[in-house]
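Dear colleague,

I am passing on the structure we spoke about, and I would be glad if you could look through it alongside the notes that follow.

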Amino acid sequence: MTTGLPTPPPQAPRGRGRVREGGAMPGGTRQEDSRLEQMATSARLRSTGTKRTVTLPGASVVNAGRGATRAVRRGATATDERVRRQWFGGRLDWITPLGWTLLGLSVVLWVLSALLGWAEPAIIAATMLALVVVCVLLSIGSHRADVELVVEPLRAEIGDLAQAHVVLTNSTRRTMLPSLVRLPVGDREEVLPVPLLRKGASHRTAFPIATPRRGVIPVGPATTVQGDPLGITRRTVTFGVVQLMHVHPRRIALESGAHGLLRDLEGEVTPELSMADIDFHALREYEPGDDRRYVHWRSSAKHDRLLVRQFQETRRSHLGVVVDTDPAMYPGGEGDVETAIAAAASLMVQSITDEQEASVVCNDGFASRTTVPLVLDTLTTATVGRVDLVRSARLLVQQAPDSSVAVLVTGPGRAFLEIQQCLGEFETEVHKVAVVVDSVADASLRRLRGLSIVTIGELTDLSTVSGGLVPA
């Protein structure tokens, strides 16, 4: 017979309950048994490696098993490190190896004094311990300082005078002991001593930055080093970020228009015909769809039919430069490569100064239609090494298809066929020039198979033969 009452759930196995003095606990036996059963189940799951376990604070939740022990150890290590820094506020890091050595010696002397019964080792140990404690107490407190770093100029040329100015200000209410400021400059480090500074006092230090070669010089960040006179404690604080100083390649001023661009403001005439341009070409009969603005009414009345003007497309002056950065192609190695980069920089700067468009590809550096500082920054960061000239020329054609003059700066080690292949990526009507940097040759100019070959021994020769860069 079925009733409407729910079937009671099966009872879990009963375990042993706790018994107090004076009798059992009937009301709490079921709850106690359930809790003990859960504890036993958890123990079995942990032993088989299938239970998810939460590691100590500071560690993430991981699956227990074979890696559970390692996770717990890592969590414990991280927690110990965090607690150590939280308890001591990082003050243990202030103690230098000298301070730890004094602490170790004091412990050894205390042990000797206790074993041998001598008073002298105990006195020496107490003195060492007192020195360490006093130095740590001197370091405790707010020793915050404001450090300002100024690099002038951030863009310089090879051989220019550059300086870095460091201003350290004591912004606390306490007198700041003498300290040091460490400032990385390129691959070396400047150490600047700072005298004792009272409240609100400042100390300014300036030092020169050498610019012997092209490249980027990272300056900073500045780090203050404060401690006691004995060197038992040391506190370091880093301020600011790294400032990048660009040392641009050398360049010379060229005659206006001698950088290979046309002096005609209309640009270079191309064989392609157009219905709207500047250069007038001829008249032809009117066709449906032609713009009526270009109807030549006088000629139409004379020939008794509509005639329209037809133009030739013009190409605006645009200089495209490809630089060969392979030292194996130059007799002077990397020195001649730097001369080639300097020649490209001179051409680009003169082109932009004359308000013409210019683009350059120098190994892994590319710049197009931009300002003089950014072009020089691109040439500054370009690396020296083997390069695919055809690929560089294709990149230049893709990014600047309207180039009117193409210049390849290379060395005498590059075969003439490779020069032709590189410049052959440009269109036929583009004027093509090869600037050969040869430190053992004299400056010269010759024309060979449609190319203008300019040879320079040094950068100053570029101004004497730059007339050959202008298309005839």
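Of the 472 residues of the protein chain, 40% count as buried; please keep in mind throughout that this is a predicted model. The chain has 10 helices and 22 strands, and among its contacts between residues at least 6 apart in sequence, 63% join residues at least 24 apart. The accessible surface comes to about 27300 Å², of which 56% belongs to carbon and sulfur atoms.

The buried residues of the helix, which spans residues 372–381, are Val 375, Leu 376, Asp 377, Thr 378, Leu 379 and Thr 380. Besides strand S17 (357–362) and strand S18 (365–368), these residues pack against strand S4 (155–157), strand S9 (215–219), strand S12 (243–248) and helix H6 (334–353).

Glu 355, in the loop between H6 and S17, has a positive phi of about 60° although it is not a glycine, and at 67% relative accessibility it counts as exposed. Arg 369, in the loop between S18 and H7, likewise has a positive phi, of about 50°, without being a glycine; its relative accessibility is 39%, so Arg 369 counts as partly exposed. A cis peptide bond joins Glu 152 and Pro 153, with omega about -15°, and Pro 153 lies in the loop between strand S3 (145–152) and S4. Another cis peptide bond, with omega about 0°, joins Gly 220 and Pro 221, the latter lying in the loop between S9 and strand S10 (222–227).

Finally, the unreviewed UniProt entry lists residues 94–116 and 122–140 under "transmembrane region". In the model, the span 94–116 is 87% helix and 0% strand, and its end C-alpha atoms lie 34 Å apart.

Note on methods: Residues numbered from 1 in each chain as written. Predicted model: local features only at pLDDT ≥ 70, side-chain atom pairs only at ≥ 80, totals over all residues. Heavy atoms only, no water. Buried < 20%, exposed > 50% of the residue type's maximum accessible area, 1.4 Å probe, protein only. Helix = DSSP H or I, 4+ residues; strand = E, 2+ residues; numbered from the N terminus. Contact = heavy atoms within 4.5 Å. UniProt positions renumbered as here; feature names shortened; annotations may be inferred. Areas by Shrake-Rupley, 256 points an atom, 1.4 Å probe, with all protein chains shown as cover.
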